[in-house]
Amino acid sequence: MKKTLLLLPLFFFLINVNLQSVAQVQIGGSEDIIYDYSNPKEYEIGGITVSGVQYYDNNSIIALTGLAVGDKIKVPGEAITIAIQKLWSQNLFEDIQISASKTEGKLIFLNIDLKERPRLSRFSITGVRKTEADEIRDDIKLSRGDIVTEHLLINTEHLILKRFRNKGFFNAKVDIRQEKDT
């Protein structure tokens with residue numbers, strides 16, 4: 001019984017975790033393109049487009065995927081999954097979708113639709129003197145344009161708390177908020 005009670009909070013935590021990053025492989029840009037998973041077809045990539053990016057060069061993104069015009073791939077197949085994994089490994093995007101925009105005979109045209117992670121536009125430190133805030137800024141080394149990840153937020157909070165604990169403020173709390181720019 002005790003083991004069950006100990007696992008319940010973990011279970012409810014896992015159910016309530018908000019998964020913000022999503023990947024999707026979508027094959028089929030139009031309704032008349034049908035792909036049979038039990039019988040993949042081989043296509044030659046006739047073109048690759050990129051949408052949804054603001055800060056990155058389209059050709060660099062395509063190069064990161066390992067896909068290139070002229071490559072022969074099976075659809076459905078591993079090539080698109082591997083391309084998505086390569087993009088995920090960069091930790092630059094919070095949503096990645098690759099879809100076939102059209103096919104012409106043995107040619108397939110792909111679109112890579114990305115949603116970039118947010119970037120740091122500004123940050124402020126409140127509740128301390130200006131000189132203390134300036135010293136904290138020097139310690140955490142945040143810069144405008146940094147990609148905001150969960151790791152960045154946790155690391156920043158850890159550095160600030162460590163600084164206060166070293167000064168003897170063991171009950172210090174850090175409130176890191178993300179605000180949407182309007």
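Visitor: How many helices and strands are there in the protein chain?

Guide: This is a predicted model. The protein chain holds five helices and five strands. Read from the N terminus, the elements follow the order α-β-β-α-β-α-β-β-α-α.

Visitor: What share of the contacts in the protein chain with a separation of 6 or more comes from residues 24 or more positions apart?

Guide: Such pairs account for 64% of those contacts. As for burial, 30% of the 182 residues in the protein chain are buried.

Visitor: Where do nonpolar side chains tend to be in soluble globular proteins?

Guide: They tend to be buried together. In this model, the largest nonpolar core has 23 residues. Those with the most contacts inside this core are Ile-73, Phe-93, Ile-108, Leu-110, Ile-112 and Leu-114.

Visitor: Which elements each supply at least two residues of this core?

Guide: The strands are β2 (41-51), β3 (72-75), β4 (93-104) and β5 (107-116), and the helices are α2 and α3 (78-89). Apart from this core lies another, of 11 residues, including Ile-125, Leu-142, Leu-153 and Ile-160.

Visitor: Which residues is Ile-112 in contact with, leaving aside neighbours within four places in sequence?

Guide: Ile-112 contacts Ile-48, Thr-49, Val-50 and Ser-51, then Ile-62 and Thr-65, and also Leu-87, Gln-97 and Ile-98.

Visitor: Is Leu-64 buried, partly exposed or exposed?

Guide: The cut-offs are under 20% relative accessible area for buried and over 50% for exposed. Leu-64 has 32%, so this residue is partly exposed. Leu-64 sits in helix α2 (residues 58-65).

Visitor: What does Leu-64 touch, not counting residues up to four places away in sequence?

Guide: Leu-64 touches Lys-86, Leu-87 and Gln-90. For Leu-64 and Lys-86, which are 22 residues apart along the chain, the C-alpha atoms are separated by 6.6 Å.

Visitor: At what angle do helix α4 and helix α5 pack?

Guide: Helix α4 (residues 130-140) and helix α5 (residues 150-166) pack at about 130 degrees, and their axes are 10 Å apart. That angle makes α4 oblique to α5, because angles from 65 to 115 count as roughly perpendicular and those over 145 as roughly antiparallel. The crossing of the two helices is right-handed.

Visitor: Which residues make the contact of α4 with α5?

Guide: From α4 they are Glu-132, Glu-135, Ile-136, Asp-139 and Ile-140. From α5 they are Thr-156, Leu-159, Ile-160, Arg-163 and Phe-164. Sorted by class, this contact has five nonpolar, one polar and four charged residues. Ile-160 also belongs to the core of 11 residues.

Note on methods
Residues numbered from 1 in each chain as written. Predicted model: local features only at pLDDT ≥ 70, side-chain atom pairs only at ≥ 80, totals over all residues. Heavy atoms only, no water. Axes fitted to C-alpha atoms, helices over the stretch in contact; angles between N-to-C directions. Helix = DSSP H or I, 4+ residues; strand = E, 2+ residues; numbered from the N terminus. Parallel < 35°, antiparallel > 145°, perpendicular 65-115°, else oblique. Left-handed = near helix turned anticlockwise from the far one by under 90°. Contact = heavy atoms within 4.5 Å. Nonpolar A, V, L, I, M, F, W, Y, C, P; charged D, E, K, R; others polar. Buried < 20%, exposed > 50% of the residue type's maximum accessible area, 1.4 Å probe, protein only. Core = buried A, V, L, I, M, F, W, Y, C linked by side-chain atoms within 4.5 Å.
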